[in-house]
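Subject: Structure for you to look at

Hello,

Here is the structure I said I would pass on. Please open it alongside this message; my notes on it follow.

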Amino acid sequence: MPIAKVRLNIVVCLLTLVTALSFDVANAKNFIGYTGKGWNSDFGVLRGQCDAKLVQSEALKGTLTDQMAYVESTDAFKIIFPETQLVDAFAVDSHCFGHTMELVPSGQAVRWLNPVNGVGVYLSPGAKSDTCRTYLGVTIVNGEKTKFRGEVCSPSKGAWQIQQ
């Protein structure tokens, strides 16, 4: 077989392989969370910004709990997020917080701006144990920054509870 034809076959094979791999990577939607649950989307948290508008949109459809991890509404949650009385506002903060704990490595930060109430959040997950993680964060309400820190634990896959 002439060398030119061999080279052409190699190039065609490589292009086919690269195209197939690129397609698989671009369409990979299996994000395995800290709790072991698989998620179809990272909602931007792995890139450092939770897509709060998309979270709000999905919350309005009523299917968000199946798509994203969340932090349960407890008194400890309401201390950090006092501006979440509206259901839509709660959904954004709860799910962005939970998905950050679920997917983001320790030391990386995620931010979001809640489109419902205008609260800005900067959150960084920390150390891990069997079922818990620490976190550091800042909320910005009307230009005023409030720092918070604590521990969140997962009693079940995809659900987190702030520890008091």
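Two residues count as being in contact when heavy atoms of theirs lie within 4.5 Å of each other. On that basis, take the contacts in the protein chain between residues at least 6 apart in sequence: 51% of them join residues at least 24 apart. Please keep in mind that this is a predicted model.

Overall make-up

The protein chain has 164 residues, and 37% of them count as buried. Its accessible surface comes to about 9,600 Å², with 57% of that belonging to carbon and sulfur atoms. There are 5 helices and 8 strands. Read from the N terminus, the order of elements is α-β-β-α-α-β-α-α-β-β-β-β-β.

The sheet

An open sheet is built from 6 strands, with mixed pairing, in the order β3-β8-β7-β6-β5-β4. The edges are taken by β3 (70–71) and β4 (110–113); each has a single partner strand, so one side of each is left without a neighbour in the sheet. Further in, strand β5 (residues 120–128) pairs with strand β6 (residues 132–141) in the antiparallel sense, over 7 bridges. If you want a point of reference there, S124 stands opposite L136 in β6.

Helix α5

E102 lies in helix α5, which covers residues 87–103. The side chain of E102 does make a polar contact of 3.0 Å, with the side chain of W160. Apart from neighbours within four places in sequence, the residues in contact with E102 are G33, Y34, T35, G36, K37, W39, A69, G158 and W160.

Is H95 buried or exposed? Its relative accessible area is 6%, and the cut-off for buried is under 20%, so H95 counts as buried. With neighbours within four places in sequence again left aside, H95 is in contact with V55, L64, T65, M68, A69 and Y70.

Regards

Terms used:
Residues are numbered from 1 along each chain as its sequence is written. This is a predicted model: local features need pLDDT of at least 70, side-chain atom pairs count only at pLDDT 80 or more; totals for chains, interfaces and linings use all residues. Side-chain values use heavy atoms; hydrogens and water are left out. Helices (H or I, at least four residues) and strands (E, at least two) are DSSP runs, numbered from the N terminus. A polar contact is a pair of N or O atoms within 3.5 Å; within protein, one must be able to donate a hydrogen and the other to accept it, and residues adjacent in sequence count only if both atoms are side-chain atoms. Two strands pair if DSSP finds at least two bridges between them. Buried means under 20% relative accessible area, exposed over 50%, partly exposed in between (1.4 Å probe, protein chains only). Accessible areas come from the Shrake-Rupley method with a 1.4 Å probe; for residues, only the protein chains shown count as cover.
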